[in-house]
Amino acid sequence: MKNTGTEQWIQTWKKWTCFLLIVLCAAMLDCGSLQAAKLPALKVKGTQLVNAKGKPVQLKGASTHGLSWFPEYVNQKSFSHLKKNWKANAVRLALYTSEYNGYCTGDAANRRALEKRVADGVKYATKAGLYVIIDWHILSDGNPKTYQKQAASFFKKMAGKYKNYTNVIYEICNEPNGGTSWSDIKSYAKKIVKAIRSKDKDAVILIGTPNWSQDVDVAAKSPLKGYKNLMYTLHFYAGTHGEGLRRKAKQALKMGLPLFVSEFGISDASGNGSLNQKEGKKWMKFLKDKKISYIGWSLSNKAESSALIKPSCKKTAGWKASDLTPWGKWLVKQW
């Protein structure tokens, strides 16, 4: 005669054991990765950034200023505010390579601190439901080959860490300048893309273009081959750049080059000066017509016209309209 009470107890015990194991495994997983899985993975089709169904996606958001200059804006409330209050869907983490405690010029402790800041930024963006761009922000080191070895090591580490995240995008050289040729940029990009792809086969990668990421028409003549999900950066400041640069962008698109505006403003190219809203509107129409993603510079209270927050405002989240600069108010309306 079977002891049904004992058998039922055993079955119940097995079910609860399985349940507890599942809960334990979930707790051990990276919670950020679980959150990131909620965002659709993006890919490049033709000149467009698209979702899994092939529908065009336009990312819109803000770039942090240098992570060494304004680290206080990399926090959960700040990034959640971008998403919930400003209706942004992306944020950019500007990791300067050379200037002011740059990743490649500071000591080992500084590099560790910056890597932690990037990790925190990805975590906060992921929890907020934002796509996040990890930006290798070259500037005074105008040729990206200057720190190519460090870049390859950094991006290989990042790609290994975030390969299961669907919301992480890699920008491998902010603004090549100083006469750096497309040939040099392309040579650098091949090595960095290869390093990323050794760990992550699918993430979208943004590649800088000559002359402060303006000469996209030059890059369009000889883009990288053999890799998918690559895009090329176009940067502009409406106080300086107008129809002439848009013509370059139109030519690049016509030649099949996927463009991504990973940094822009409506001040002059220095990041200061008066705002050109009229030219800014022309740029917005162009970007919206072509469904090109765009990221505004910068999420900081720096005393310049390209900062989104007033210098007098000490808040690092929860901003009201009165806390924003004229540029900040203008940009938020675009989202």
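**Notebook: one chain, looked up piece by piece**

I began with burial: 55% of the 335 residues in the chain are buried, where buried means under 20% relative accessible area, exposed over 50%, and partly exposed in between (1.4 Å probe, protein chains only). Residues are numbered from 1 along each chain as its sequence is written, and side-chain values use heavy atoms, with hydrogens and water left out.

**Confidence**

I checked pLDDT, the predictor's confidence in each residue from 0 to 100. The chain averages 92, and 89% of the residues score at least 70. Residues 18–32 fall below 50, and this stretch has 5 contacts in the model beyond near neighbours in sequence; a contact here means heavy atoms within 4.5 Å. Where pLDDT is low, the predicted coordinates should not be read in detail.

**Overall layout**

I counted 11 helices and 10 strands, taken as DSSP runs (helices H or I, at least four residues; strands E, at least two) and numbered from the N terminus. Of the contacts between residues at least 6 apart in sequence, 76% join residues at least 24 apart.

**Cores**

Which residues have the most contacts inside the largest nonpolar core? I got F79, W136, Y170, I172 and I207, in a core of 82 residues. A nonpolar core is a set of buried Ala, Val, Leu, Ile, Met, Phe, Trp, Tyr and Cys residues joined through side-chain atoms within 4.5 Å. Leaving out residues up to four places away in sequence, F79 touches a list including Y73, V91, L93, Y124, L130 and L299. I also found a second, separate core of 15 residues, with L42, Y131, I133 and M231 among them.

**Helix α5**

I tested the length of α5 (residues 148–162): its 15 residues should span 21 Å at 1.5 Å a residue, and the end C-alpha atoms are 21 Å apart, so the two agree. The expected span is 1.5 Å times one less than the number of residues. Its buried residues are Q148, A151, F154, F155, M158, A159 and Y162. They cover an arc of only 130° around the axis, so they sit on the same side of α5; the arc is that of the directions from the helix axis to the C-beta atoms. An α-helix has 3.6 residues a turn, so residues three or four places apart point the same way. The buried residues of α5 pack against β4 (90–96), α4 (108–128), β5 (131–137), β6 (168–171) and α6 (182–197).

**Cysteines**

I searched the whole structure for disulfides (cysteine sulfur atoms within 2.5 Å) and got 0. C104 is buried at 15% relative accessible area, and C173 is buried at 0%.

Most residues other than glycine have a negative phi, and most peptide bonds are trans. I noted a cis bond between W297 and S298, with omega about 0°; S298 lies in strand β10 (residues 294–299). Y100 has a positive phi, near 35°, and is in the loop between β4 and α4, partly exposed at 47%. S213 also has a positive phi, about 60°; S213 is in helix α7 (residues 210–213) and is buried at 0% relative accessibility.

**K329**

Last, I looked at K329 in helix α11 (residues 326–334), partly exposed at 37% relative accessible area. K329 touches A321 and L324, not counting residues up to four places away in sequence.

Notes
This is a predicted model: local features need pLDDT of at least 70, side-chain atom pairs count only at pLDDT 80 or more; totals for chains, interfaces and linings use all residues.
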